[in-house]
Amino acid sequence: MAAVRVVVVGAGVGGLTAALSLHSAGADVVVLDAVRDLLPLGVGINLQPHAVRELTELGLGPALEATGIQTREMLRLDRHANRIVSHDRGRFAGYAWPQYSIHRGELQMLLYDAVVERLGPGAVRTGLVFESYREDEEGVEVSLHARTGGAPVGLRADVLIGADGLSSAVRRQLHPGEGAPLWNGIRMWRGIAEADPYLTGRSMIVAGSHEHGRLVFYPISKAAEDRGRALVNWVAEVRVTPETRLETDAADWTRQGRLEDVLPYYADWKFGWIDVPGLIADSPQILEYPMVDRDPLPFWSRRRVTLVGDAAHPMYPIGANGGSLAIIDARVLAYELSRTDDPVDALKAYEAARLDEANSVVLACRDMAADRLLDTVAERAPNGFASIEDVLTADELTEMHEAWRRTTDMDAEALNSRPSWAPRR
């Protein structure tokens, strides 16, 4: 692969992981991003064991351990903090690798630092806006312009990877006329606040229902834990009426939200072991976002051009899949490119390995069977309950477990025994 030149558009989690993986296979890689400066922005993200394995094999295990929180379990509760079901996570569920809850910006900087250290400071070029590409028999001509001054920039590559997210410009050229993202009517607010540790200190909570207000929260910082505190990421999700709907062009994860819009849904939540309204009110910044995805694509690749991560398969944030699947995409793509001298064949093999599997997760996240049962709990027991068996039948409880497994878990034994995707040199 020493002669393979790869241009990656997008310096997010998927793009930077692709750069590290391709470099480990001997490729010549440059990552481009439209922003002038990469900053540790955003809120929390979860990395499932199948993604943590890949980052660990890239040598980033110690950095993840020093930065994020190994999630112990996930608890589904009603709005009164009564337990519905619980799921062990990561190593506690039999995986050889943990699940990490981590700040997305810190994860991105962790990956960026590794790229600069291994590939050199010129490997990531910022302030360059992708415009288009043109293929010929010998490769891909990538056209860009400088964000400052607008000067045109052209780059030649053997392979072009679109890792530029939900509004991917590379995807638009591959699939013109697709239109705006698709919104399911759920309005989301996100924030981070420091609090006292709660429960095991490493518990992920999913509480309430979309009809009346659902809240997901979990700690994301090892540094805060070492100080005896918890830096808690929270996501509030409410199915809204037509009068309060957002336009899908508001699908910008940096859009500022307002405390007065979100707090009324949770003002009377009393859990005892955490101050829910206080957590929301103490957040220095609140972000607002419509829960959107796109329809699964029939193909990601055309000859020497392909997609990874949200550019390939944007999905609802159900089951903590987005970042994890982007990492897997990047690793499989590098692995396939390392197995052949023909980039076109490699991209076909990558798509064959990943497209159907990722698309099935997109559709599973749309199904939201577990969340429908949370709505059922709220309807049947609006004032709480003593035992969940008095509210849901055994079949309904089994359905909830299975729905969660379909969107989040894979076979632990299969992951633990699977041969490595480390690229071959």
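Reader: At roughly what angle do the axes of helix α1 and helix α4 cross?

Author: Keep in mind that this is a predicted model. To read a helix pair, look at how close the axes come and at the angle between them. Here the axes of α1 (residues 13-24) and α4 (residues 104-119) come within 9 Å, crossing at roughly 30°. That makes α1 roughly parallel to α4, because angles under 35 degrees count that way. The crossing of α1 past α4 is left-handed.

Reader: Which residues make the contact?

Author: On the α1 side you'll find Val13, Leu16, Thr17, Ala19, Leu20 and His23. From α4 come Leu107, Gln108, Leu111, Tyr112, Ala114, Val115, Arg118 and Leu119.

Reader: On to the strands. In what order do the five strands of the open sheet come?

Author: For a sheet, read the strands across, then check the direction of pairing. In this open sheet the order is β8-β2-β1-β12-β18, and the pairing is parallel. The edges are β8 (124-126) and β18 (305-307), each of which pairs on one side only. Neighbouring strands of the sheet are turned against each other by 20° on average, ignoring direction.

Reader: What packs on this sheet?

Author: Helix α10 (residues 343-367) does, touching β12 and β18. The direction of α10 makes about 25° with that of β18.

Reader: Let's zoom in on β1. How many bridges link β1 with β2, and how many join β1 to β12?

Author: Count the bridges on each side of the strand. β1 pairs with β2 (residues 28-33) in the parallel sense over five bridges, and Val9 stands opposite Leu32 in β2. On β12 (residues 159-162), four bridges make the link to β1, again with the strands running parallel. There, Val8 has Ile161 as its bridge partner.

Reader: Where do side chains point in a strand?

Author: In a regular strand they alternate between the two faces of the sheet. As for how covered β1 (residues 5-9) is, four of its five residues are buried.

Notes
Residues numbered from 1 in each chain as written. Predicted model: local features only at pLDDT ≥ 70, side-chain atom pairs only at ≥ 80, totals over all residues. Heavy atoms only, no water. Axes fitted to C-alpha atoms, helices over the stretch in contact; angles between N-to-C directions. Helix = DSSP H or I, 4+ residues; strand = E, 2+ residues; numbered from the N terminus. Parallel < 35°, antiparallel > 145°, perpendicular 65-115°, else oblique. Left-handed = near helix turned anticlockwise from the far one by under 90°. Contact = heavy atoms within 4.5 Å. Buried < 20%, exposed > 50% of the residue type's maximum accessible area, 1.4 Å probe, protein only. Pairing = 2+ DSSP bridges.
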